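Visitor: I'd like a close look at one part of this protein, and I'm new to reading structures. Could you take me through it slowly?

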Amino acid sequence: MSDIFKNGKIDLHMHTTVSDGSDTPTELISHVKAAGIRLFSVTDHDAVKGCGIVRESLAEGDPDFITGVEFSTKDEIGKYHILGYNYDPGSKAVLDTVEKGHNLRMKKITGRLDFLKTEFGFDFPEEEIQSLLSLDNPGKPHIGNLMVKYGYAESKDKAIDDYINKLHYKSEYIRPEEAIRGIRDAGGIPVLAHPFYGSGDEYILGQEIEDRIKRLMGFGLMGVEAFYSGFSPKLISDMLALAQKYDLYVTAGSDYHGTNKTVVLGDIGLDEVTEIPAGMKKFLADIGREEEPLCEA
């Protein structure tokens, strides 16, 4: 076996400028190397373009890489972010799901711009709007930054909390079963991202999170992101117990967004781990990667 995890880190959840990160895909590679990460994935929202750029840009000796994506989904029960790993990047199944997610995202962007103009009188030059709409996958942070630029808010976070999030309407989303099916049909592994996080500041705990996971398993969910930058040791332990109970894959990701969030690359809560959990061993083995203990020194 290779020694890819000896004295190296793993981080399977990060974003580039293709969605709402601040690093371009090529800049991200440099930051991944500087952080000592040896296995990584790019999981842009409803987009796979960044993965393609990274794959083409990697050179011999660079960190190992697996394809990734993160779908924003919703149904009658709640919101879920579904990660997809190790899928065939040319598969029509995943590309069709990406296209649907992108189209729905663009509808939400125009709806939010209309809402800000109608409710608060916030208007932007046409060239700024066209520049925003030309982005691969614009979202609330992009609108927030634009509001700060034109003096409508003190910060991006206040723009989102005080204005953008005031819009409450029945927007369309990809359903979780659609995302899971698209990932699996492309030969990939669907994983529930940051499982304890619901909508906004909502935490989902106890029996509710177990029921949610079982429901998603009924659609074909195969794993959970048990190691995550925002999780306490107790949350990690609880998720590992559920993963073991239901024989689920275990993954680890920081949710790095560059300067758009305070999250540090490689911050995934594996510092105290001396042996890889069974679900992570199985995940790494099934994607053809190392199974040896990780070391984050």
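Visitor: Which residue in S5 does Thr73 stand opposite? Please start there and show me what surrounds that spot.

Guide: Happy to, and keep in mind that this is a predicted model. Thr73 stands opposite Tyr80 in S5. Another such couple is Glu70, which faces Leu83 in S5. Behind both couples is the pairing of S4 (residues 68-74) with strand S5 (residues 79-85), antiparallel over 7 bridges. The two strands make a hairpin, with 4 residues between them. While you look along these strands, here's a handy rule: in a regular strand, side chains alternate between the two faces of the sheet.

Now, is S4 out in the open or enclosed? Of its 7 residues, 6 are buried, so S4 is largely enclosed by the rest of the structure. You might find that curious once you see its place in the sheet. Five strands line up as S4-S5-S6-S7-S8 in an open sheet with mixed pairing. S4 and strand S8 (249-253) are at the edges with a single partner strand each, so one side of each has no neighbour in the sheet. From one strand to the next, the twist averages 35 degrees.

Asp46 sits in the loop between strand S2 (37-41) and helix H2 (49-57). Among the residues Asp46 touches are Val69, Glu70, Phe71 and Ser72, and also His102, Arg105 and Asn137. Asp46 has a relative accessible area of 3%, so it counts as buried, the cut-off being under 20%.

Tyr87 is another one to find, in the loop between S5 and helix H3 (92-120). Its relative accessibility is 3% too, so Tyr87 is buried. Tyr87 touches Thr67, Gly68 and Val69, and its other contacts include Val48, Cys51, Ile183 and Gly188.

Next, look at the turn of the hairpin. Asp75 lies in the loop between S4 and S5 while Arg215 lies in helix H8, so their pairing ties together parts that are 140 residues apart in sequence. Their side chains meet in a salt bridge, 2.6 Å from N to O. The background idea is simple: side chains of opposite charge can pair when their charged atoms come close. Asp75 is buried, at 8% relative accessible area, whereas Arg215 is partly exposed at 29%.

Helix H10 (residues 278-286) lies across S5, strand S6 (189-192), strand S7 (223-228) and S8, and runs at about 90 degrees to S8. Find Phe283: setting aside neighbours within four places in sequence, Phe283 is in contact with Leu12, Ile66, Tyr85, Ile189, Tyr249, Val250 and Thr251. Phe283 also stands out in the largest nonpolar core, which has 64 residues: Phe227 and Phe283 touch the most other members. The helix that gives the most to this core is H9 (residues 233-245), with 5 residues.

To describe a pair of aromatic rings, you give the distance of the centres and the angle of the planes. The model has 15 aromatic pairs. One of them joins Tyr197 and Tyr228 edge-to-face, with 5.6 Å between centres and 85 degrees between planes. Tyr197 is in the loop between S6 and helix H8 (206-219), and Tyr228 is in strand S7, 31 residues apart. Tyr228 is buried at 6% relative accessibility, while Tyr197 is partly exposed at 25%. Tyr228 also pairs with Phe231, and this pair is tilted: 5.2 Å centre to centre and 55 degrees between the planes. Phe231 is buried too, at 7%.

How values were computed. Residues numbered from 1 in each chain as written. Predicted model: local features only at pLDDT ≥ 70, side-chain atom pairs only at ≥ 80, totals over all residues. Heavy atoms only, no water. Buried < 20%, exposed > 50% of the residue type's maximum accessible area, 1.4 Å probe, protein only. Pairing = 2+ DSSP bridges. Core = buried A, V, L, I, M, F, W, Y, C linked by side-chain atoms within 4.5 Å. Contact = heavy atoms within 4.5 Å. Axes fitted to C-alpha atoms, helices over the stretch in contact; angles between N-to-C directions. Phe/Tyr/Trp six-rings, centres within 6.5 Å; stacked < 30°, edge-to-face > 60°. Salt bridge = Lys/Arg side-chain N within 4 Å of Asp/Glu carboxyl O.
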